[in-house]
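Let's walk through this structure together, starting with a ligand site and moving on to some helix pairs.

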Amino acid sequence: MRALVLIKVAWQSILKNTMRTLLTMLGIIIGVGAVIVMVAVGQGAQARIKEQIQNLGTNMIVLTAGASNQGGVNQGAASFNRLTVENVDTLRRESTLLAAISPVIFAPGQVIGGIGNWRTHVNGVSTDYPIIRDWAVSSGSFFDASDLRTLRKVAVIGQTLATNLFPDSDPIGQEIQIRSVPFKIIGVLAAKGQTAGGEDQDDVVLAPYTTVKNRLAGRQFIPQILVSTSRPEDLPAAQAEIKAIMREAHRLASWEADDFTVRNQTDLAETAESTTEVMTMLLAAIASISLLVGGIGIMNIMLVSVTERTREIGIRLSIGAHGSDVMTQFLVESTVMSLMGGAIGILAGFAGARILGHFTGWSTVVSVPTVLGALAFSASVGIFFGFYPARKAASLNPIDALRYE
Amino acid sequence: MSSQPVIHTQHLVKVYAMGANQVRALRGIDLSVAPGEFVAVMGASGSGKSTLMNILGCLDVPTEGSYDLDGERVNGLGRNALADIRNRKIGFVFQGFNLLSRTSAVENVELPLLYDRSGKRLETRRLALAALDRVGLSDRGHHMPNELSGGQQQRVAIARALVTQPALLLADEPTGNLDTRTSVEVLSLFQQLNDQGITIVLVTHERDISAYTKRIVELRDGHVIRDVPVAERRLASDDLQALDAVGEVV
Ligand SMILES: Nc1ncnc2c1ncn2[C@@H]1O[C@H](COP(=O)(O)OP(=O)(O)O)[C@@H](O)[C@H]1O
Ligand SMILES: [Mg+2]
């Protein structure tokens with residue numbers, strides 16, 4: 001009952017000073033709005049990255065040459081071994097858990113064919129690649145083991161190439177030249193979309209790694225080996241197995257660190273997620289500064305308001321208000337103002353995130369915890385920054401307050 | 001009616017410390033006011049009238065001496081206890097009205113009820129309207145103070161002082177900001193309320209005003225120098241009629 005009365009008193013006071021209330025709330029509105037938009041952008045990015053990593057393929061393990069320097073420490077090995085075709089064969093032979101394995105040899109190159117030319121990535125892979133990446137052809141077919149064995153010059157192209165080089169014709173059966181080497185198109189890949197980094201995955205040409213290695217790359221080592229297991233539960237065991245096989249293949253002594261890195265999708269997701277999380281937090285922190293400024297604005301207005309309303313406080317005290325009643329009134333006023341500001345800020349943030357997403361194409365996510373957090377935070381801002389002015393008001397002496405001009 | 005005094009003070013002293021200087025505003029006031037009395041406190045400016053009223057109204061505390069209000073020892077009580085006494089037992093009317101601006105008349109009158117901790121007075125709006133009715137402003141409840149004349153504002157303030165049905169009504173120069181006619185109107189209201197049994201102490205420095213009360217207490221330099229009953233008490237309602245008659249002739 002008493003609390004209700006005091007809230008009513010505070011509410012009346014807020015309504016009586018519409019302009020002051022709006023100006024005070026403005027700081028919080030902008031602050032909360034900014035936090036919501038920033039967190040929405042960050043979480044949107046996080047959600048997309050997560051989705052894209054899932055999209056990389058099923059149960060995939062990535063093996064790369066060189067020691068992992070995660071955490072900033074490069075545990076340099078005594079000797080540096082590259083990944084080789086022999087490593088791929090050894091893994092295929094000795095591993096019990098691997099369902100598919102493919103080296104990936106990267107060869108950037110200009111492709112000429114169809115209606116013009118196109119700068120793209122040429123990846124030399126094995127026949128297992130579509131299984132690992134969970135990536136089928138939409139027309140034609142993928143190359144087979146005999147293509148691989150005989151170093152046949154065949155290629156499977158991504159959607160981007162298909163639409164850009166062959167807008168009006170069927171690319172299957174046509175010829176393209178990759179760095180002057182003619183390849184015959186035997187298949188077109190299904191659309192895959194962008195990577196987390198915004199790279200177009202469909203802007204690619206896949207060819208037998210044997211052919212790429214001999215005709216295009218000129219390098220004898222392999223930068224990356226992709227592997228997949230048939231069941232996700234097998235991933236940790238498969239990772240350990242690959243490690244053991246690779247250590248043996250590279251003849252590492254027990255005291256030597258790995259000179260290769262084995263990561264699975266979860267690791268990749270975690271790395272990406274922690275990066276975007278840091279980004280989200282950074283954005284939120286920057287936006288929080290405006291919330292802090294909004295809070296100081298509330299304190300400023302409340303302090304001015306206590307001085308300006310000294311007489312009002314005197315009147316209330318003289319007719320029987322306790323100091324705590326006055327204090328509660330001012331605290332409720334500042335809290336209600338910042339909560340209303342927070343609520344409007346959330347709506348503004350919602351709209352802002354939508355508009356930003358519309359114009360930039362970024363995905364934005366406004367989550368329930370963000371909204372609740374923003375509300376809780378703005379309430380605390382009101383209480384925290386309203387406390388000092390409220391206490392100042394409550395400690396006034398009725399006679400002095402009444403006499404104040 | 002009990003014979004116990006509403007106000008009973010013994011040797012009230014108030015000293016204001018102004019840096020090195022000390023101002024002795026009250027120098028030993030002994031005062032008793034019985035229920036139903038209507039007292040005018042008079043004296044020159046600076047004689048200590050307001051200081052006395054503030055102590056009687058529990059807005060301030062004496063430096064020395066004792067004060068019993070309605071049989072209860074008041075000096076020595078804490079801030080909140082004094083606030084509760086102001087709320088329940090005292091109605092205070094100020095020279096400058098002291099109404100909350102941008103707050104309607106009825107909300108102003110309602111205010112003391114909102115701070116009533118007994119929790120007994122639930123129908124605050126109805127009680128506030130009843131108090132406004134008593135001061136003849138039942139049709140002005142929704143008006144803001146700046147939409148009312150000085151006399152009307154003072155009557156709203158009186159309604160606010162009455163709404164908790166206090167034992168004592170204190171008024172520090174309630175007519176100080178009002179013209180003659182409005183002053184007589186306010187005094188007429190005070191006389192009506194006093195006839196209904198409310199004890200009233202008011203401060204004035206005008207002889208004309210004190211003539212409407214029943215007893216005059218005169219202060220000089222913090223002492224009571226005179227305490228006499230009013231010999232020929234005037235009736236404010238008669239004077240209002242006379243004023244109206246003059247108005248008609250003019
Ligand atoms: N808060 C105060 N601080 C210091 N001196 C005061 C204060 N209030 C009143 N006085 C002094 O006390 C004396 C009595 O003042 P007051 O009670 O206001 O007189 P009155 O109301 O009769 O004009 C005056 O000399 C005045 O200057
Ligand atoms: Mg005075």
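What follows is a short tour of a predicted model, taken one site at a time.

Start at ligand 1. How many residues surround ligand 1? There are 13, and the closest are Arg403(A), Gly46(B), Lys49(B), Ser50(B) and Thr51(B). Look at the chain letters in that list: the residues around ligand 1 come from chains A and B, so this is a site shared between chains.

Now zoom in on the backbone of chain B. Gly46(B) has a backbone N or O atom 2.7 Å from an oxygen atom of ligand 1. For Gly48(B), a backbone N or O atom sits 3.1 Å from a ligand 1 oxygen atom.

Next come the helices. Two packed helices are described by the angle between their axes and the distance between the axes. Keep that pair of values in mind for the rest of the tour.

Stay in chain B for one pair. Helix H3(B), residues 105-114, packs with helix H5(B), residues 150-162, at an angle of about 30°, and their axes are 7 Å apart. Are H3(B) and H5(B) parallel or antiparallel? Angles under 35 degrees count as roughly parallel, and H3(B) and H5(B) are therefore roughly parallel to each other. Their crossing is right-handed. On the H3(B) side, the contact uses Ala105(B), Asn108(B), Val109(B) and Pro112(B), while H5(B) brings Val156(B), Ala159(B) and Arg160(B). Sorted by class, the residues in this contact of H3(B) with H5(B) are five nonpolar, one polar and one charged.

Over in chain A, find helix H10(A), residues 310-318, and helix H11(A), residues 323-360. Their axes come within 9 Å and cross at roughly 140°. That angle makes H10(A) oblique to H11(A), and the crossing is right-handed. Here Glu312(A), Ile313(A), Arg316(A) and Leu317(A) of H10(A) meet Gly323(A), Val326(A), Gln329(A) and Phe330(A) of H11(A). The contact of H10(A) with H11(A) has four nonpolar, two polar and two charged residues.

Helix H3(A), residues 85-94, and helix H8(A), residues 235-249, have axes that come within 10 Å and cross at roughly 130°. H3(A) is therefore oblique to H8(A), and this crossing is right-handed. Which residues make the contact? From H3(A) there are Asn87(A), Thr90(A), Leu91(A) and Glu94(A), and from H8(A) Ile242(A), Ile245(A), Met246(A) and Ala249(A). By class, the contact of H3(A) with H8(A) has five nonpolar, two polar and one charged residues.

Definitions and conventions
Residues numbered from 1 in each chain as written. Chains lettered and ligands numbered in written order. Predicted model: local features only at pLDDT ≥ 70, side-chain atom pairs only at ≥ 80, totals over all residues. Heavy atoms only, no water. Axes fitted to C-alpha atoms, helices over the stretch in contact; angles between N-to-C directions. Helix = DSSP H or I, 4+ residues; strand = E, 2+ residues; numbered from the N terminus. Parallel < 35°, antiparallel > 145°, perpendicular 65-115°, else oblique. Left-handed = near helix turned anticlockwise from the far one by under 90°. Contact = heavy atoms within 4.5 Å. Nonpolar A, V, L, I, M, F, W, Y, C, P; charged D, E, K, R; others polar. Near = heavy atom within 4 Å. Polar contact = N/O pair within 3.5 Å; in protein donor to acceptor, adjacent residues only side chain to side chain.
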